[in-house]
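I opened my notebook on a structure I had not looked at before. Here is what I looked up, in the order I got to it.

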Amino acid sequence: MIASFVMEAPRQVSPVPLLLGAESLHQEFATILVFLVFGAIFVVLNMVAIGRLIRSKTKYTEAKSTPYECGEPTFGSAFIRFDIRFYVLALVFVIFDVEVLFLFPWAAVLKELGGLAYAEGAIFVAILAVGLAYVWKKGDIDWIPVHGHKAPGGRLKATGPDTPSAPPAVKLGVGADVR
């Protein structure tokens, strides 16, 4: 079958009449401008007026501007370097926390899914337990540093006559900078 392409004459497009005249178009933009200005004034005026109503009436003092952290007075600089163990512990927590979140939908439909779903959930929890055991054995969830010990958890072993004792703890005074 041979396809024949027929060249059609171009369609005549009649001009579309403007629904809005030029004067009406400027009037529409002016209306939008008035609403934008009114909205900006409304927001700023309300921020100032409501701020004055809600704001505390007490005088500003230096004691009011000091940071308050759990009832303890602050000392030292706020710009300190955090130990990497903080980040490692936080990441381990987030990983296990997100993984445990997967158990909630599984537990909600466990009766409907049957024994195979229970086995899959048990395997998932076993994998999480292996990961936790690995992190624990590696010493990444020990917050107290294990300085001078080759094995993780070495600081927990009792010191015998042939093992060196731990150095004495340094007592810090109140307000001492611990850096």
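This is a predicted model: local features need pLDDT of at least 70, side-chain atom pairs count only at pLDDT 80 or more; totals for chains, interfaces and linings use all residues.

Is Phe86 buried, partly exposed or exposed? Its relative accessibility is 39%, so I put Phe86 down as partly exposed. Next I checked Tyr87, and at 39% relative accessibility Tyr87 counts as partly exposed too.

Then I went through the aromatic pairs. I got a count of two. One of them joins Phe86 and Tyr87: the ring centres sit 5.4 Å apart and the planes make 75 degrees, so I logged the pair as edge-to-face. The cut-off I needed for that call is an angle over 60 degrees.

How do H3 and H6 run relative to each other? H3 covers residues 84-101, and H6 covers residues 115-138. Their axes come within 11 Å and cross at roughly 170 degrees. Angles over 145 degrees count as roughly antiparallel, so I wrote H3 down as roughly antiparallel to H6.

I also noted who makes the contact. From H3 it is Val92, Phe96, Glu99 and Val100, and from H6 it is Phe124, Leu128, Gly131, Leu132 and Val135. Sorting these residues gave me seven nonpolar, one polar and one charged.

Last, I looked at confidence. The chain has a mean pLDDT of 75, with 65% of its residues at 70 or more. Where is confidence highest, and where is it lowest? I found the highest in helix H6, at a mean of 90, and the lowest in helix H2 (residues 62-65), at 73.

Methods. Residues are numbered from 1 along each chain as its sequence is written. Side-chain values use heavy atoms; hydrogens and water are left out. Rings of Phe, Tyr and Trp (its six-membered ring) pair if their centres lie within 6.5 Å; planes under 30 degrees apart count as stacked, over 60 as edge-to-face and the rest as tilted. Buried means under 20% relative accessible area, exposed over 50%, partly exposed in between (1.4 Å probe, protein chains only). pLDDT is the predictor's confidence in each residue, from 0 to 100. Helices (H or I, at least four residues) and strands (E, at least two) are DSSP runs, numbered from the N terminus. Axes are lines fitted to C-alpha atoms, for helices over the stretch in contact, and angles run from 0 to 180 degrees between N-to-C directions. Angles under 35 degrees count as roughly parallel, over 145 as roughly antiparallel, 65 to 115 as roughly perpendicular and the rest as oblique. Contact means heavy atoms within 4.5 Å. Ala, Val, Leu, Ile, Met, Phe, Trp, Tyr, Cys and Pro count as nonpolar, Asp, Glu, Lys and Arg as charged, and the others, Gly among them, as polar.
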